[in-house]
Amino acid sequence: MKMAGYIMKRLLSMLATILVITTLTFVMMKVIPGSPFNEERNTNEAVQRNLEAYYQLDEPLFVQYLYYVKSIVTFDFGPSIKQPSQSVNDLLSRGFPVSFELGMTALIMAVISGIVLGIFAALRQNGVIDYIAMTIAVLGISVPNFIMATLLIQQFAVNWNIFPPSTWTSPLHMVLPTAALAMGPLAIIARLTRSSMIEVLTQDYIRTARAKGLSPFKIVMKHALKNALMPVVTILGTLTASILTGSFVIEKIFAIPGMGKYFVESINSRDYPVIMGTTVFYSIILIIMLFLVDMAYGILDPRIKLHKKG
Amino acid sequence: MSLPVRTENEASSASDIPVEWFAPLKQKQDERESVARPSLSYWQNAWRILRKNKLAMAGLGVLIFLFIMAVLGPVLSPHSVTQQTLSEQNLPPSMEHWFGTDELGRDVFTRTWYGARISLFVGVMAALIDFAIGVIYGGISGYKGGKTDHVMMRVIEVLHGLPYLLVVILLMVMMGPGLGTIIVALTVTGWVGMARIVRGQVLKVKHDEHVLASKTFGAKTVRIIRRNLLPNMMGAIIVQMTLTVPSAIFAEAFLSFLGLGIQAPFASWGVMANDGLPVILSGHWWRLFFPAFFISLTMFAFNVVGDGLQDALDPKLRR
Amino acid sequence: MFLRKKVLEVENLHVSFTTYGGTVKAVRGVSFELYEGETFAIVGESGCGKSVTSQSIMQLLPKFSATITDGAVRFKGKDLRHLSEKEMRKIRGAEISMIFQDPMTALNPTLTVGDQLTEALLEHRPVSKTDARKAVISMLELVGIPNPKERLRQYPHQFSGGMRQRIVIAMALICEPEILIADEPTTALDVTIQAQILELFKDIQRKTGVSIILITHDLGVVAQTADRIAVMYAGKIAETGARRDIFYRPQHPYTKGLLHSVPRLDLEGGDLVPIDGTPPDLFSPPEGCPFTARCSYAMEVCGKVYPAVAEVSAGHRVCCWLQDERAKRALLTT
């Protein structure tokens with residue numbers, strides 16, 4: 001069946017990309033000056049033992065590579081240098097649920113608000129809602145999310161004292177970081193939905209629907225929406241990536257104990273195994289998300305579902 | 001003498017028309033084929049549409065202003081970039097220091113425009129390099145077609161799957177911070193977007209009739225690329241470039257926030273914003289405000305101009 | 001000729017568009033009637049205003065750029081111009097239906113054909129879903145789609161152009177409207193499919209008695225299917241008449257020009273003579289007859305005053321100064 005062929009092709013592509021990243025991180029580890037993996041080895045005993053166990057440092061290069069690939073495949077991301085009692089996996093299992101909550105909430109908020117805003121802007125083109133929506137959109141795209149975050153903190157936490165500025169302990173704590181993270185994607189989705197909807201509304205089949213005497217509500221909801229949302233689904237993958245990378249900075253600013261915070265700390269302290277492991281983990285998540293989005297796209301558009309050439 | 005125009009229902013009141021008017025009229029032959037309105041060239045038309053877009057024009061004005069200030073700003077200011085006057089630490093904006101001073105007594109106004117030079121330089125360089133690599137790669141891939149295209153596209157597919165900022169971060173960790181390394185990191189995977197667009201454009205235009213016409217006239221490949229393909233693609237390419245610059249500036253600021261940016265004493269807007277972040281709770285808002293404002297303003301301007309250009313240069317929307 | 005029932009009457013219709021370059025007067029005083037059970041064709045070249053006319057009957061023109069500035073559209077004793085949008089929606093698809101030129105893009109690619117067809121019926125008639133389905137299946141049989149039960153579940157891209165046009169026709173007729181407006185229904189189709197679709201129109205008209213307004217630029221299509229014809233030029237109707245009148249006794253120079261520029265099998269061989277020149281700019285339309293610049297019989301009055309309507313014979317009307325007594329006298333003296 002053609003659908004299976006398409007899935008296979010995508011899976012292979014995914015694996016290729018993961019392999020490239022794995023190789024890239026492996027090469028990096030060997031190449032960075034002052035890294036503990038080459039000849040310098042200027043770390044203490046305990047760490048050294050961990051490293052040797054994980055990376056098989058006495059074996060020839062190619063064997064090391066294979067061991068590394070194997071450990072990635074089995075989701076074992078290695079030890080930490082700066083915190084020898086912890087492995088990367090420990091950090092991930094602590095941080096991931098928090099980051100996931102933050103990221104998912106932001107994503108869902110951005111998607112729903114963005115689509116709704118975009119639809120209303122398209123229907124009332126050049127009206128008040130359109131102007132407001134597009135202004136928000138332009139601001140969301142132009143103002144980087146970390147700056148947005150500081151602005152929000154400044155306004156809502158410091159000056160008006162409505163929302164707490166940091167950590168992650170109650171739902172109230174979630175508001176500001178999620179908002180900061182969601183603004184950019186919301187803006188992009190709103191703009192895209194708007195222009196896509198406007199274009200769809202000029203299509204012939206919408207004219208046919210009008211000639212059939214359907215109400216505007218029905219035309220938008222039943223005929224226009226599905227078609228207009230296609231481009232939005234397409235960029236969902238990229239948006240997830242930007243939310244993911246955006247979370248690094250947001251978590252740092254708001255002192256949220258998620259994966260991103262550990263990642264940023266590891267960058268600053270040059271804890272290379274953590275950097276590598278986390279990078280590979282992030283990439284895998286992203287690639288899975290991209291894959292899911294691709295599948296969703298295939299389901300939504302019947303032309304692709306039935307006729308994709310494998 | 002002119003008579004009012006009759007509707008088709010006023011039959012007999014046409015009696016006051018002089019009989020002489022019913023004589024046959026001598027017409028000039030060439031008048032028949034005259035076209036009513038003058039037509040504009042592609043670029044003239046695009047400029048006309050762009051000019052009407054007030055937002056895009058405003059953005060263009062902002063960009064021109066920023067570039068001028070980046071050059072002239074440090075010259076205009078009475079202070080120097082690196083001069084540290086410890087007695088004048090952390091002063092809010094005043095007549096002396098228009099944007100205030102930082103914790104080392106340096107003038108923020110002067111530093112802002114120095115930072116402008118760096119940030120804009122990074123942005124424009126990244127866009128230009130992406131353009132160069134992308135056009136070559138995409139052009140070859142699209143024009144050659146067949147197996148070459150297939151292989152080249154597979155490579156792009158894999159590269160596209162890599163999360164852009166993650167790769168940038170990794171490379172920065174690998175290479176160490178610095179202006180040159182940042183530009184390298186940004187462009188190593190950044191050209192993929194441009195290559196795809198160029199390839200798409202080439203594929204679209206390759207079989208256009210005017211290309212075939214040129215071929216039948218015996219034009220060589222280079223001439224075809226120059227005169228037939230390139231002008232048609234320039235629109236999409238320019239739009240892509242105006243959208244690359246803000247994403248490069250954003251990436252640079254992002255890197256600075258993670259501590260991987262440009263090192264002291266040089267400061268881009270990203271570095272200044274990062275330095276300004278911790279002191280915001282102490283009330284020194286100008287440290288963060290000015291670089292953050294200008295980052296946002298620049299990105300806004302480029303985005304708005306890019307949008308306007310997209311509207312103006314899109315052949316489908318030609319009016 | 002016995003008096004048939006008038007189903008639609010358009011009187012002195014004026015439609016203008018506001019564009020960036022100014023106001024375009026697309027339709028400038030168009031009047032015609034549609035009788036029960038007939039096929040009325042509006043013929044003219046691109047840009048003459050025939051599509052705009054048909055769309056304004058249904059009030060389907062884009063509201064922000066198009067305005068009906070004058071005239072009346074009378075249907076079932078009401079002027080459609082005075083109806084609210086809600087009332088118009090009840091009429092669209094149920095009492096007056098319209099089909100458009102390109103069947104490839106007329107159907108929603110993400111919905112099944114069955115869904116789109118039943119929707120047309122369910123919108124206007126209080127029937128159950130099962131009954132609707134049955135009605136749709138028999139309608140598909142009527143328009144000549146084989147295996148309708150299976151094909152209901154398929155998507156538009158799984159049908160050929162001709163089949164899609166049949167589906168569109170089925171969708172337009174499912175509520176049994178009085179009037180079907182077909183705007184260039186065969187232009188985008190192959191010649192052989194074209195003939196089939198025209199046959200289908202005739203067949204359906206015989207079976208259901210629907211009145212058809214056919215918009216086209218193709219005289220061949222008109223010759224096959226039209227009972228009465230109106231020839232449009234630059235926003236105005238030049239000549240109206242029965243088929244035989246228009247084809248064998250054309251009065252207006254434009255009509256004659258059209259007939260001469262089309263290859264005819266029934267007349268003796270001769271050269272194809274295209275009409276010199278291009279239609280006038282509708283931003284500032286000329287005061288008199290718009291065809292003056294291209295007309296070989298033009299007189300001074302033609303450019304200055306729009307011709308009065310002349311009734312050549314019963315139901316055959318022309319707007320041309322050549323019909324005026326003074327013109328005929330002038331011709332005799334030259």
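The model is predicted, so local features need pLDDT of at least 70 and side-chain atom pairs count only at pLDDT 80 or more, while totals for chains, interfaces and linings use all residues. Residues are numbered from 1 along each chain as its sequence is written, and chains are lettered from A and ligands numbered from 1 in the order in which they are written.

Confidence comes next. The predictor gives the complex an ipTM of 0.86 and a pTM of 0.80. For chain C, the mean pLDDT is 87, and 96% of its residues reach 70 or more. Here pLDDT is the predictor's confidence in each residue, from 0 to 100.

Start with chain A. Its elements are 12 helices and 0 strands. Helices are DSSP runs of H or I with at least four residues, strands are E runs of at least two, and both are numbered from the N terminus. Chain A has 310 residues, and 43% of them count as buried. A residue is buried if 20 or more other C-beta atoms lie within 10 Å of its own, exposed if 12 or fewer, and partly exposed in between, with C-beta atoms placed from the backbone. Among the contacts in chain A with a separation of 6 or more, 72% link residues 24 or more positions apart. Contact means that two C-beta atoms, placed from the backbone, lie within 7 Å.

Now turn to where chain A meets chain B. Here 33 residues of chain A are in contact with 29 residues of chain B. On the chain A side, the elements giving two or more residues are α1 (2-31), α5 (128-142), α6 (145-159), α9 (216-254), α10 (259-268) and α11 (272-300). The largest share, 8 residues, comes from α1(A). By class, this side has 24 nonpolar, 9 polar and no charged residues. Nonpolar covers Ala, Val, Leu, Ile, Met, Phe, Trp, Tyr, Cys and Pro; charged covers Asp, Glu, Lys and Arg; the others, Gly among them, are polar.

Cross over to chain B. B:S296 sits in helix α10 (residues 285-313) of chain B. It counts as buried because it has 21 C-beta neighbours inside 10 Å. Leaving aside residues up to four places away in sequence, B:S296 touches A:S142, A:V143 and A:I147. B:M241 lies 55 residues from B:S296 along the chain, and their C-alpha atoms are separated by 18 Å.

UniProt, in an unreviewed entry, places the feature "domain: ABC transporter" at residues 8-259 of chain C. Over residues 8-259, chain C is 38% helix and 28% strand, and the end C-alpha atoms are 28 Å apart.

Definitions and conventions: UniProt positions renumbered as here; feature names shortened; annotations may be inferred.
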